[in-house]
Amino acid sequence: MTALVLFDVKERCTGQEFDTAKFRNEDNERLEKALLMAFDPYTNEKLN
């Protein structure tokens, strides 16, 4: 699931798009969101 987070960050930084839909499910989407909220200022504006 960490890889999904890294792909999210890479998409935002480079504009390159990745098809990660086949790797997502309800459980790992929650983990992905939690990880992004922990360090990604695009996801969690309080980090700015």
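How many salt bridges does the count come to by the rule applied here, in which a side-chain nitrogen of Lys or Arg lies within 4 Å of a carboxyl oxygen of Asp or Glu? The count comes to 5 salt bridges. The model is a predicted one, in which local features need pLDDT of at least 70 and side-chain atom pairs count only at pLDDT 80 or more, whereas totals for chains, interfaces and linings use all residues. Residues are numbered from 1 along each chain as its sequence is written, and side-chain values use heavy atoms, with hydrogens and water left out.

The protein has 2 helices and 0 strands, both assigned as DSSP runs numbered from the N terminus (helices being H or I with at least four residues, strands being E with at least two). Along the principal axes, the C-alpha atoms fill a box of roughly 30 × 25 × 10 Å. Of the 48 residues in the protein, 21% are buried, where buried means under 20% relative accessible area, exposed means over 50%, and partly exposed covers the range in between (1.4 Å probe, protein chains only). Among contacts with a separation of 6 or more, 45% are accounted for by residues 24 or more positions apart, a contact being defined by heavy atoms within 4.5 Å.

Side chains of opposite charge can pair when their charged atoms come close. R24 is partly exposed, with a relative accessible area of 24%, whereas D8, at 11% relative accessibility, counts as buried. D8 and R24 are also linked with E32 in a network of salt bridges.

A further salt bridge joins R12 to D40, with the closest N and O atoms 2.3 Å apart. R12 lies in helix α1 and D40 in the segment after α2, so this pair ties together parts that are 28 residues apart in sequence. The relative accessible area of R12 is 38%, which makes R12 partly exposed, while D40 is buried at 4%.
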